[in-house]
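These are my notebook entries on a structure that is new to me. I record below what I looked up, entry by entry.

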Amino acid sequence: MTTSPRTISGTLMLPSSDPGSVRLMRGTLTLKDGRIESIAEGDPDASADLGGGGTLVIPGLVDAHMHLPQYDSIGIDGMTLLEWLDRAIFPAECAWADADHAGDMASRVARSLLSFGTTSICAYATVHHEGTKNAIDAISSAGIRAMVGQVLMDRNAPPELCVPAAALVKQAAALTEWTRALSAQSGDRWRVEHSVNPRFAISCTPELLHGAGQLARTLNAPMQTHISENRAECAMIAQLFGGRSYTGVYEDAGLLGPRSILAHGVWLTPEEHATLASTRSIIAHCPTANSFLQSGDCDTGALRRVAIPVAVGSDIAGGTDRSMVRVARAMIETSKRVRERSSDAANRIVSPAEAWWNITTGNANAIGWRATSRLAPGVEADILIVRPDIPWANAPDPLGTLLYAWDDRWLERTLTMGEERWRRPGL
Ligand SMILES: [Zn+2]
């Protein structure tokens, strides 16, 4: 049983010299103290601790947007965003009032994520303070790198999910300080940061949005929220905030910046793009969720052309796929639909090499996790050992074949910080 391998060989998925994409190379990784020490090119080493011929070695997958308490709510169909939140999601989130249940569920979700190859997440908990604390503990114990935020909501949700703004801001500050203290004590072994998570402007009063903005700035904490997902939502924002644009509402509250991750951004105007670009705010593109809730197709090409950093997320449970590989595939499919409708030749279809990069190194880069989810010396060893059951190596486009023929049963082992955290039963 190899729980902390020293060497792994096979076909390695590495960053390409073509920016924003990956390439494949046969070689061997050497690990030391939870990090990649070196990479050697060459035929797979038969004496390596793990891997060998036919093995694909890829960086751990990064999910830039998901909701831990919604993991069991995938597939509640037939509704669009606002009705789905009221009828499917808020009832599920009420269960996290029981903090033990929240911790147990987060542990189970963490194990499941590792079994799909996800080793890093940007996540939401619920409005419950103790439940969020237990969830953070569970995610860290599983070895996953994460930012997780207590959800901030003080209106337009069931009364049991609304907490007064001042109390929420205080609780969010306490969680941020708590995770920082644990990180200082535990070093590399503590991998979770608390983020400031106002759910979306509909469920936050201006007082709460401003309090959240001030907190994120004062503590230099990451911020997560939703923006411009669906048209009815955008109309409601205009109504609640006197016609101000969605981006303008967050700008007024001081919520934009390079540590701000805003999910969706389907219906943003060019003026809003300019504001997001000038503040270097990040859009988390969630193609499976946009499709499931019939929200629309996000034009990520337009975002990238104005230099808005784009990450990609599952948005479980608005998104129905737990595998980030299938989310990557949906990203390509969305780009094909956008291209088909666009007369702008600058609109390109995302390639498989770019899609792989997006769910690994690209996501990590966009989020600011510069030392994870890439195969390079010095980087945290979050690594997947994959054994495809098809002759992909000789395919005309191996990266396309691997992406489209992907089968979760190919994943044999998931390592975080060099340690085996999940192994396919029977191995
Ligand atoms: Zn979401």
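In which loop is asparagine 156 found? I looked it up and placed asparagine 156 in the loop between strand 8 (151-152) and helix 4. I note at the outset that the model is a predicted one.

**Entry 1: backbone exceptions**

I keep a general rule in mind: most residues other than glycine have a negative phi, and most peptide bonds are trans. I checked asparagine 156 and read a positive phi of about 55°, although this residue is not a glycine. I then turned to the peptide bond from isoleucine 316 to alanine 317, which is cis, with omega near 10°. Alanine 317 lies in the loop between strand 14 (310-312) and helix 11 (324-341).

**Entry 2: helix 4 and helix 5**

For each helix pair I looked up two quantities, because two packed helices are described by the angle between their axes and the distance between the axes. Helix 4 (residues 165-186) packs against helix 5 (residues 206-219) at an angle of about 20°, and the axes are 9 Å apart. Helix 4 is therefore roughly parallel to helix 5. I recorded the crossing of helix 4 and helix 5 as right-handed. On the helix 4 side, the contact is made by Ala165, Ala166, Leu168, Val169, Ala172, Ala173, Thr176, Glu177 and Arg180. Helix 5 contributes Glu207, Leu208, Gly211, Ala212, Leu215 and Leu219. By class, I found 10 nonpolar, two polar and three charged residues in the contact of helix 4 with helix 5.

**Entry 3: helix 2 and helix 3**

I next examined helix 2 (residues 99-115) and helix 3 (residues 129-141), whose axes come within 8 Å and cross at roughly 30°. Helix 2 is therefore roughly parallel to helix 3. The crossing of helix 2 and helix 3 is right-handed. From helix 2, I listed Ala99, Asp100, Ala102, Gly103, Ala106, Ser107 and Ala110 as contact residues. Their partners in helix 3 are Glu130, Gly131, Asn134, Ala135, Ala138 and Ile139. The contact of helix 2 with helix 3 divides into seven nonpolar, four polar and two charged residues.

**Entry 4: helix 11 and helix 12**

How do helix 11 and helix 12 lie relative to each other, oblique or parallel? The axes of helix 11 and helix 12 (residues 352-367) come within 9 Å and cross at roughly 130°. The two helices are therefore oblique to each other. Helix 11 passes helix 12 in a right-handed crossing. I noted Met324, Val325, Ala328, Met331 and Ile332 in helix 11, which meet Pro352, Ala355, Trp356, Asn358, Ile359 and Asn363 in helix 12. This contact of helix 11 with helix 12 has nine nonpolar and two polar residues, and no charged ones.

**Entry 5: the two domains**

I consulted the domain assignment, which gives domain 1 (7-60 + 373-423) and domain 2 (61-341). The centres of domain 1 and domain 2, taken over C-alpha atoms, are separated by 29 Å. I read that 20 residues of domain 1 are in contact with 24 residues of domain 2. Domain 1 and domain 2 bury about 1,900 Å² between them, with 52% of it on carbon and sulfur atoms.

Notes
Residues are numbered from 1 along each chain as its sequence is written. This is a predicted model: local features need pLDDT of at least 70, side-chain atom pairs count only at pLDDT 80 or more; totals for chains, interfaces and linings use all residues. Side-chain values use heavy atoms; hydrogens and water are left out. Axes are lines fitted to C-alpha atoms, for helices over the stretch in contact, and angles run from 0 to 180 degrees between N-to-C directions. Helices (H or I, at least four residues) and strands (E, at least two) are DSSP runs, numbered from the N terminus. Angles under 35 degrees count as roughly parallel, over 145 as roughly antiparallel, 65 to 115 as roughly perpendicular and the rest as oblique. A crossing is left-handed if the near helix is turned anticlockwise from the far one by less than a right angle, and right-handed if clockwise. Contact means heavy atoms within 4.5 Å. Ala, Val, Leu, Ile, Met, Phe, Trp, Tyr, Cys and Pro count as nonpolar, Asp, Glu, Lys and Arg as charged, and the others, Gly among them, as polar. Domain bounds come from an automatic or database domain assignment. Buried area is the accessible area (1.4 Å probe) that two parts lose on being put together, summed over both.
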